[in-house]
Amino acid sequence: MATLYRLLQNLVMGCLIAVGLLWWFLTGSGSGIEFYTVEDQALYETLTDDIVKGAPRISTNYRFVYYPPQGSVSEVSAVYFEDTTDIASLRDYLISIGCTLDRTEVNVENWLSKDKTKAITIFVDPEGKTVDLEIRLPPPWWW
């Protein structure tokens, strides 16, 4: 019984640490991460990748995010859509601009730009009803 209690205590502590790290990462915490909308013209024009700019708006509720390159982490330009899980028009758009589907996993599609210099990922969260379209420059080493 004591072993089960310690296991549960460690599990809860691990979850709390993971949630704290996730919150720290998503809120930026001085890391230069920018959340913005189209109305923030200066940020939109300077930080948003052209693929993201041209992507269809699959929901009326969306925001843009920019993660600057840090160490081995790639630069990321993204748009996060809420209240949707339909990615058919995003797929059609990527195909129309010459992107190729590289691989798929559960709720994740990995694409490459026409010139193979950008890694594109579509994440779908069916429970949270969100879709993320992320562009990474340059592609990570495992591409």
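Colleague: Which side chain does Asp49 meet in a salt bridge?

Modeller: In this predicted model, the side chain of Asp49 pairs with that of Lys118 in a salt bridge, at 2.9 Å from N to O. Side chains of opposite charge can pair when their charged atoms come close.

Colleague: Is Asp49 buried or exposed? What about Lys118, buried or exposed?

Modeller: Asp49 has a relative accessible area of 10%, so it counts as buried, and Lys118, with a relative accessibility of 17%, is buried as well, because the cut-off is under 20%.

Colleague: How many salt bridges does the count come to?

Modeller: The count comes to 5 salt bridges. One of them joins the side chains of Glu109 and Arg91, at 2.6 Å from N to O. Glu109 sits in strand β5 and Arg91 in helix α4, so this pair links parts of the chain that are 18 residues apart in sequence. Glu109 is buried, at 9% relative accessibility, whereas Arg91 is partly exposed, at 33%.

Colleague: Changing topic, which residues touch the most other members in the largest nonpolar core?

Modeller: That core has 23 residues, and those touching the most other members are Leu90, Leu94, Ile120, Ile122, Val131 and Leu133. The elements giving two or more residues to this core include the helices α2 (41-47), α3 (50-54) and α4 (88-96), together with the strands β2 (62-67), β3 (75-82), β6 (119-125) and β7 (130-137).

Colleague: What does Val131 touch, leaving out residues up to four places away in sequence?

Modeller: With those left out, Val131 touches a list of residues that includes Ile58, Val79, Tyr80, Phe81, Ile87, Leu90, Ile122, Phe123 and Val124, and the threonines Thr84 and Thr85 are also among them. There is also a second, separate core of 6 residues, and Ile33, Tyr67, Val76 and Tyr80 are among its members.

Colleague: What pattern does the chain follow, read along the sequence?

Modeller: Read that way, the pattern is α-β-α-α-β-β-α-β-β-β-β, with 4 helices and 7 strands in the chain. Of its 143 residues, 35% count as buried, and among contacts between residues at least 6 apart in sequence, 47% join residues at least 24 apart.

Colleague: Last one: where does Thr37 lie, and what is it in contact with beyond its neighbours within four places in sequence?

Modeller: Thr37 lies in the loop between β1 (34-36) and α2, and, with those neighbours set aside, it is in contact with Tyr44 and Phe64. Its side chain also makes a polar contact of 3.0 Å with the side chain of Glu39.

Note on methods
Residues numbered from 1 in each chain as written. Predicted model: local features only at pLDDT ≥ 70, side-chain atom pairs only at ≥ 80, totals over all residues. Heavy atoms only, no water. Core = buried A, V, L, I, M, F, W, Y, C linked by side-chain atoms within 4.5 Å. Buried < 20%, exposed > 50% of the residue type's maximum accessible area, 1.4 Å probe, protein only. Contact = heavy atoms within 4.5 Å. Salt bridge = Lys/Arg side-chain N within 4 Å of Asp/Glu carboxyl O. Polar contact = N/O pair within 3.5 Å; in protein donor to acceptor, adjacent residues only side chain to side chain.
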